[in-house]
Amino acid sequence: MPVPFESLIPFAIISGMFLVTGTGIRYAQTKRNEGKVARYSLDDWDRKMLQRDKQLTGTERGQIDDPVAPAEFKVNSAWK
Amino acid sequence: MVNPGYKNFKGEDWVDPTPPPAHLPLVDEVGSTGAPLKSASFFIGTLCKEYNEDFMLCKNENRNPEHCLLEGRKVTRCAIDALQKIQSKCQDEFRAHWKCLDGKNQDLGRCRNPEKGLNECLFTAFGWKKDLPGAPTNKPQIHERTPLTS
């Protein structure tokens, strides 16, 4: 007697749930990071650089490469 | 971040608009974010070696920000100059490299191909070579290694 199809349904459900979790996590992370992969293993330097990037561009993952900063950059660091 | 006395006032909204004191010379700030700076870091390092070392030695004496303002201005101007030079000749390769870095957690080892293009362009334009200070001289440097196979 061949393998009954009913026994493979739980496998399909489990794999489907893995797919759902993976896709959901990837969607949430790309939404938070403007379409880029999330940063990991951040040390103090990276955290302070992300904060500086937020002052320059408004978001932590935005990047610009002008040599000279706009005039607002001199005064827009928030007091913590 | 709650500032004392301001219970529902976010720290990010508290911006101090007073300009710096008038007796300090005006110097522009470097406008690049993290990925372009990392991409250009070794070239800024070779160009601005003396100014950077001066600043670090000055900070070593005294951590007070007021003590090292002069050396800091020189460092900023040199970095701006280095970035302007890179962008005048090799802007496309530079952009390709830092865009790659941005997507790979700013890991230099994962973006060797764009980096090769940038290094060649800068070598032909200015004669700059990316050099790791303190690397052993008997083997090729890490960014110049070639695979043993293929």
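A salt bridge is counted here where a side-chain nitrogen of Lys or Arg lies within 4 Å of a carboxyl oxygen of Asp or Glu. In this predicted model, Lys74(A) and Glu29(B) meet that description, with their side chains joined at 3.6 Å, N to O. The pair crosses between chains, running from the segment after strand 1 of chain A, where Lys74(A) lies, to the segment before strand 1 (30–32) of chain B, which holds Glu29(B). Lys74(A) is partly exposed at a relative accessible area of 34%, and Glu29(B) counts as partly exposed at 29%.

A search of the whole structure finds ten salt bridges over all chains. One of them links the side chains of Asp65(A) and Arg95(B) at 3.1 Å, N to O, and this pair also crosses between chains, from strand 1 (residues 65–68) of chain A to helix 5 (residues 91–103) of chain B. Asp65(A) has 4% relative accessibility and therefore counts as buried, whereas Arg95(B), at 31%, counts as partly exposed.

Within chain B, Glu115(B) forms a salt bridge with Arg112(B), the closest N and O atoms being 3.0 Å apart. Because the two residues are three apart in helix 6 of chain B, about one helical turn separates them. Salt bridges with shared partners join Arg112(B), Glu115(B) and Lys130(B) into one network.

Helix 6 (residues 112–126) of chain B also packs with helix 4 (residues 69–89) of chain B, at an angle of about 95° and with the axes 10 Å apart, so the two helices are roughly perpendicular. Residues making the contact include Ile86(B) of helix 4 and Leu122(B) of helix 6.

Methods: Residues are numbered from 1 along each chain as its sequence is written. Chains are lettered from A and ligands numbered from 1 in the order in which they are written. This is a predicted model: local features need pLDDT of at least 70, side-chain atom pairs count only at pLDDT 80 or more; totals for chains, interfaces and linings use all residues. Side-chain values use heavy atoms; hydrogens and water are left out. Axes are lines fitted to C-alpha atoms, for helices over the stretch in contact, and angles run from 0 to 180 degrees between N-to-C directions. Helices (H or I, at least four residues) and strands (E, at least two) are DSSP runs, numbered from the N terminus. Angles under 35 degrees count as roughly parallel, over 145 as roughly antiparallel, 65 to 115 as roughly perpendicular and the rest as oblique. Contact means heavy atoms within 4.5 Å. Buried means under 20% relative accessible area, exposed over 50%, partly exposed in between (1.4 Å probe, protein chains only).
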